[in-house]
Amino acid sequence: TCSQCHKGPDVPAYGVYSVSKHGNIHAALKGSWDFDAVPWKVDRDFTAPACATCHMSLVVAGEGQVVARRTHRMNDRLPWRLFGVVYGHLHPKSPDTTIIRNSAGQPLPATLDMKFASQFLIETKEYDRRLHAMKSVCLACHATGWTDAHFEKMEETIRETNRLTLTATRILSQAWARKIESPDSLFNGPMERLWVEGWLFYANSTRLAAAMAGADYGVFEKGRWYLMRNIVMMQEMLSRGR
(Lines give C-alpha, C1' and ligand atoms only; values in the text may rest on other atoms or scores of the structure.)
Protein backbone atom coordinates (compact mmCIF):
# COMPACT_ATOMS: atom_id res chain seq x y z
CA THR A 1 0.00 0.00 0.00
CA CYS A 2 2.74 2.47 0.93
CA SER A 3 4.58 1.84 -2.33
CA GLN A 4 1.67 3.11 -4.41
CA CYS A 5 2.56 6.71 -3.55
CA HIS A 6 6.00 6.58 -1.95
CA LYS A 7 7.89 5.85 -5.13
CA GLY A 8 9.31 7.86 -7.98
CA PRO A 9 12.09 10.44 -7.99
CA ASP A 10 10.47 12.91 -5.60
CA VAL A 11 9.41 10.43 -2.87
CA PRO A 12 11.67 7.39 -3.34
CA ALA A 13 10.99 5.73 0.02
CA TYR A 14 9.94 2.39 -1.49
CA GLY A 15 12.97 2.28 -3.80
CA VAL A 16 15.28 3.10 -0.91
CA TYR A 17 13.67 0.42 1.27
CA SER A 18 13.93 -2.18 -1.50
CA VAL A 19 17.72 -1.83 -1.73
CA SER A 20 18.28 -1.60 2.03
CA LYS A 21 19.25 -4.53 4.26
CA HIS A 22 15.77 -4.48 5.78
CA GLY A 23 14.18 -4.57 2.32
CA ASN A 24 16.36 -7.47 1.24
CA ILE A 25 15.45 -9.50 4.33
CA HIS A 26 11.77 -8.70 3.75
CA ALA A 27 11.98 -9.85 0.12
CA ALA A 28 13.70 -13.10 1.10
CA LEU A 29 11.77 -14.09 4.23
CA LYS A 30 8.34 -12.40 4.18
CA GLY A 31 6.67 -15.69 3.24
CA SER A 32 7.47 -17.03 6.71
CA TRP A 33 6.28 -13.97 8.63
CA ASP A 34 2.97 -13.73 10.48
CA PHE A 35 1.31 -10.55 9.23
CA ASP A 36 -1.91 -11.26 11.13
CA ALA A 37 -0.34 -11.30 14.60
CA VAL A 38 -1.48 -8.58 17.01
CA PRO A 39 0.69 -7.38 18.58
CA TRP A 40 3.65 -7.98 16.27
CA LYS A 41 6.49 -9.64 18.18
CA VAL A 42 10.08 -8.99 17.13
CA ASP A 43 11.95 -12.11 15.96
CA ARG A 44 8.86 -14.29 16.18
CA ASP A 45 6.38 -12.73 13.77
CA PHE A 46 8.97 -10.88 11.64
CA THR A 47 12.75 -10.52 11.45
CA ALA A 48 13.12 -7.11 9.77
CA PRO A 49 10.91 -4.04 9.76
CA ALA A 50 8.50 -3.20 6.97
CA CYS A 51 6.84 0.23 6.60
CA ALA A 52 4.18 -0.40 9.25
CA THR A 53 6.72 -1.69 11.79
CA CYS A 54 8.51 1.64 12.05
CA HIS A 55 5.58 3.96 11.49
CA MET A 56 2.30 2.39 12.66
CA SER A 57 2.26 -1.05 14.27
CA LEU A 58 1.93 -2.20 17.85
CA VAL A 59 5.31 -3.91 18.31
CA VAL A 60 6.43 -5.95 21.32
CA ALA A 61 9.59 -7.81 22.27
CA GLY A 62 10.85 -10.25 24.89
CA GLU A 63 8.05 -11.23 27.27
CA GLY A 64 5.63 -8.82 25.69
CA GLN A 65 7.25 -5.51 26.55
CA VAL A 66 5.79 -2.77 24.35
CA VAL A 67 8.36 -1.41 21.90
CA ALA A 68 6.00 0.92 20.03
CA ARG A 69 2.30 1.63 20.43
CA ARG A 70 -0.05 1.53 17.47
CA THR A 71 -0.64 4.84 15.74
CA HIS A 72 -2.35 6.06 12.59
CA ARG A 73 -0.52 9.40 12.61
CA MET A 74 2.33 8.70 10.22
CA ASN A 75 4.70 11.28 11.70
CA ASP A 76 4.14 10.15 15.29
CA ARG A 77 7.63 8.61 15.34
CA LEU A 78 9.18 11.11 12.90
CA PRO A 79 10.79 14.32 14.21
CA TRP A 80 12.05 15.33 10.75
CA ARG A 81 10.23 16.18 7.53
CA LEU A 82 12.62 14.92 4.84
CA PHE A 83 10.93 15.11 1.46
CA GLY A 84 8.66 17.34 -0.59
CA VAL A 85 10.33 20.50 0.74
CA VAL A 86 13.31 22.60 -0.37
CA TYR A 87 15.07 22.12 2.98
CA GLY A 88 14.70 19.23 5.42
CA HIS A 89 13.21 20.56 8.67
CA LEU A 90 11.49 19.62 11.91
CA HIS A 91 7.91 18.48 11.46
CA PRO A 92 5.12 21.07 11.59
CA LYS A 93 3.20 21.23 14.85
CA SER A 94 -0.15 21.04 13.07
CA PRO A 95 -1.24 18.73 10.25
CA ASP A 96 -2.85 21.84 8.73
CA THR A 97 0.24 23.14 6.95
CA THR A 98 -1.78 25.89 5.23
CA ILE A 99 -1.37 28.03 8.36
CA ILE A 100 2.44 28.16 8.01
CA ARG A 101 3.99 31.46 7.01
CA ASN A 102 7.74 32.07 6.81
CA SER A 103 9.40 35.44 7.37
CA ALA A 104 8.84 36.32 3.70
CA GLY A 105 5.10 35.78 4.13
CA GLN A 106 5.11 32.62 2.02
CA PRO A 107 3.08 29.52 3.01
CA LEU A 108 6.30 27.53 3.35
CA PRO A 109 8.30 26.24 6.36
CA ALA A 110 11.47 28.05 5.22
CA THR A 111 12.49 30.97 3.06
CA LEU A 112 14.67 30.38 -0.01
CA ASP A 113 17.71 31.43 2.05
CA MET A 114 16.85 28.75 4.66
CA LYS A 115 15.35 30.79 7.46
CA PHE A 116 12.93 28.37 9.12
CA ALA A 117 9.47 29.31 10.38
CA SER A 118 10.30 27.77 13.76
CA GLN A 119 7.12 28.97 15.47
CA PHE A 120 5.16 26.53 13.30
CA LEU A 121 7.53 23.57 13.83
CA ILE A 122 7.77 21.11 16.72
CA GLU A 123 9.87 22.11 19.72
CA THR A 124 12.60 20.23 21.60
CA LYS A 125 10.29 18.28 23.91
CA GLU A 126 8.20 16.89 21.04
CA TYR A 127 11.33 16.27 18.97
CA ASP A 128 12.82 14.19 21.81
CA ARG A 129 9.58 12.22 22.25
CA ARG A 130 9.35 11.31 18.57
CA LEU A 131 13.04 10.45 18.26
CA HIS A 132 12.81 8.23 21.35
CA ALA A 133 9.75 6.47 19.89
CA MET A 134 11.56 5.70 16.62
CA LYS A 135 14.79 4.67 18.36
CA SER A 136 12.79 2.25 20.51
CA VAL A 137 11.82 0.32 17.36
CA CYS A 138 15.46 0.15 16.24
CA LEU A 139 16.66 -0.91 19.70
CA ALA A 140 14.46 -4.00 19.57
CA CYS A 141 17.15 -5.47 17.26
CA HIS A 142 20.13 -3.09 17.25
CA ALA A 143 22.58 -1.97 19.93
CA THR A 144 22.39 1.50 21.45
CA GLY A 145 25.69 2.57 19.90
CA TRP A 146 24.59 1.54 16.40
CA THR A 147 21.20 3.22 16.79
CA ASP A 148 22.59 6.51 18.11
CA ALA A 149 25.22 6.61 15.34
CA HIS A 150 22.58 5.94 12.69
CA PHE A 151 20.49 8.94 13.71
CA GLU A 152 23.53 11.18 14.15
CA LYS A 153 24.55 10.32 10.58
CA MET A 154 21.02 10.94 9.33
CA GLU A 155 20.86 14.38 10.95
CA GLU A 156 24.28 15.31 9.55
CA THR A 157 22.99 14.26 6.12
CA ILE A 158 20.02 16.61 6.56
CA ARG A 159 22.39 19.45 7.39
CA GLU A 160 24.67 18.55 4.47
CA THR A 161 21.88 18.39 1.87
CA ASN A 162 20.45 21.65 3.21
CA ARG A 163 23.87 23.33 2.84
CA LEU A 164 24.19 22.07 -0.74
CA THR A 165 20.67 23.19 -1.59
CA LEU A 166 21.44 26.62 -0.13
CA THR A 167 24.55 26.78 -2.34
CA ALA A 168 22.41 26.08 -5.41
CA THR A 169 19.85 28.67 -4.25
CA ARG A 170 22.53 31.35 -3.95
CA ILE A 171 23.77 30.60 -7.48
CA LEU A 172 20.21 30.90 -8.76
CA SER A 173 19.74 34.17 -6.87
CA GLN A 174 22.82 35.56 -8.63
CA ALA A 175 21.33 34.52 -11.97
CA TRP A 176 18.13 36.40 -11.12
CA ALA A 177 20.09 39.47 -10.03
CA ARG A 178 22.04 39.45 -13.32
CA LYS A 179 18.83 38.95 -15.36
CA ILE A 180 20.14 35.64 -16.73
CA GLU A 181 16.87 34.09 -15.56
CA SER A 182 13.67 35.58 -14.19
CA PRO A 183 12.12 34.76 -10.79
CA ASP A 184 8.72 35.53 -12.33
CA SER A 185 8.72 32.06 -13.93
CA LEU A 186 10.33 30.04 -11.17
CA PHE A 187 10.34 26.64 -12.87
CA ASN A 188 10.87 27.52 -16.52
CA GLY A 189 14.55 28.40 -16.98
CA PRO A 190 17.31 25.78 -17.36
CA MET A 191 19.07 26.83 -14.15
CA GLU A 192 15.78 26.84 -12.28
CA ARG A 193 15.02 23.33 -13.48
CA LEU A 194 18.43 22.15 -12.25
CA TRP A 195 17.74 23.82 -8.90
CA VAL A 196 14.34 22.13 -8.51
CA GLU A 197 15.74 18.77 -9.59
CA GLY A 198 18.53 19.13 -7.01
CA TRP A 199 16.34 19.43 -3.93
CA LEU A 200 13.18 17.66 -5.12
CA PHE A 201 14.88 14.53 -6.44
CA TYR A 202 18.47 14.25 -5.22
CA ALA A 203 18.44 15.89 -1.78
CA ASN A 204 15.27 13.95 -0.98
CA SER A 205 16.86 10.65 -2.05
CA THR A 206 20.03 11.35 -0.08
CA ARG A 207 18.11 12.08 3.10
CA LEU A 208 15.82 9.06 2.76
CA ALA A 209 18.79 6.79 2.03
CA ALA A 210 20.44 7.99 5.25
CA ALA A 211 17.22 7.52 7.22
CA MET A 212 16.59 3.98 5.94
CA ALA A 213 20.15 2.71 5.39
CA GLY A 214 19.44 2.71 1.66
CA ALA A 215 22.92 1.80 0.43
CA ASP A 216 23.89 3.31 -2.95
CA TYR A 217 20.63 5.23 -3.33
CA GLY A 218 22.15 8.13 -1.43
CA VAL A 219 25.28 8.39 -3.59
CA PHE A 220 25.23 7.39 -7.26
CA GLU A 221 21.72 6.06 -7.85
CA LYS A 222 19.82 9.28 -7.09
CA GLY A 223 21.91 11.03 -4.46
CA ARG A 224 24.95 13.17 -3.71
CA TRP A 225 26.65 12.68 -7.09
CA TYR A 226 23.72 14.24 -8.97
CA LEU A 227 23.14 16.91 -6.34
CA MET A 228 26.77 18.05 -6.73
CA ARG A 229 26.60 17.70 -10.53
CA ASN A 230 23.66 20.08 -10.74
CA ILE A 231 25.44 22.66 -8.58
CA VAL A 232 28.51 22.50 -10.84
CA MET A 233 26.34 22.85 -13.95
CA MET A 234 24.52 25.83 -12.46
CA GLN A 235 27.81 27.51 -11.56
CA GLU A 236 29.15 26.97 -15.08
CA MET A 237 25.98 28.42 -16.61
CA LEU A 238 26.21 31.43 -14.30
CA SER A 239 29.87 31.97 -15.23
CA ARG A 240 28.99 31.91 -18.93
CA GLY A 241 26.08 34.27 -18.41
CA ARG A 242 23.48 31.94 -19.82
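So, the nonpolar surface patch: Val 219, Phe 220 and Trp 225 make it, and it covers about 310 Å². A patch here takes residues with over 30% relative accessible area and no salt bridge, and nonpolar side chains (Val, Leu, Ile, Met, Phe, Trp, Tyr) are joined within 5 Å, like charges within 9 Å. A salt bridge is a Lys or Arg side-chain nitrogen within 4 Å of a carboxyl oxygen of Asp or Glu. Areas are Shrake-Rupley, with a 1.4 Å probe, and for residues only the protein chains shown count as cover.

Phe 220 is in the loop between helix 6 (190–211) and helix 7 (224–240), and is partly exposed at 46%; buried is under 20%, exposed over 50%, partly exposed in between. Helices (H or I, at least four residues) and strands (E, at least two) are DSSP runs, numbered from the N terminus.

Keep in mind that this is a predicted model: local features need pLDDT of at least 70, side-chain atom pairs 80 or more, while totals for chains, interfaces and linings use all residues. Residues are numbered from 1 along each chain as its sequence is written, and side-chain values use heavy atoms, leaving out hydrogens and water.

Strands pair if DSSP finds at least two bridges between them. Strand 2 (residues 59–61) runs antiparallel to strand 3, joined by three bridges, and Val 59 sits opposite Ala 68 of strand 3.

Definitions and conventions. Buried < 20%, exposed > 50% of the residue type's maximum accessible area, 1.4 Å probe, protein only.
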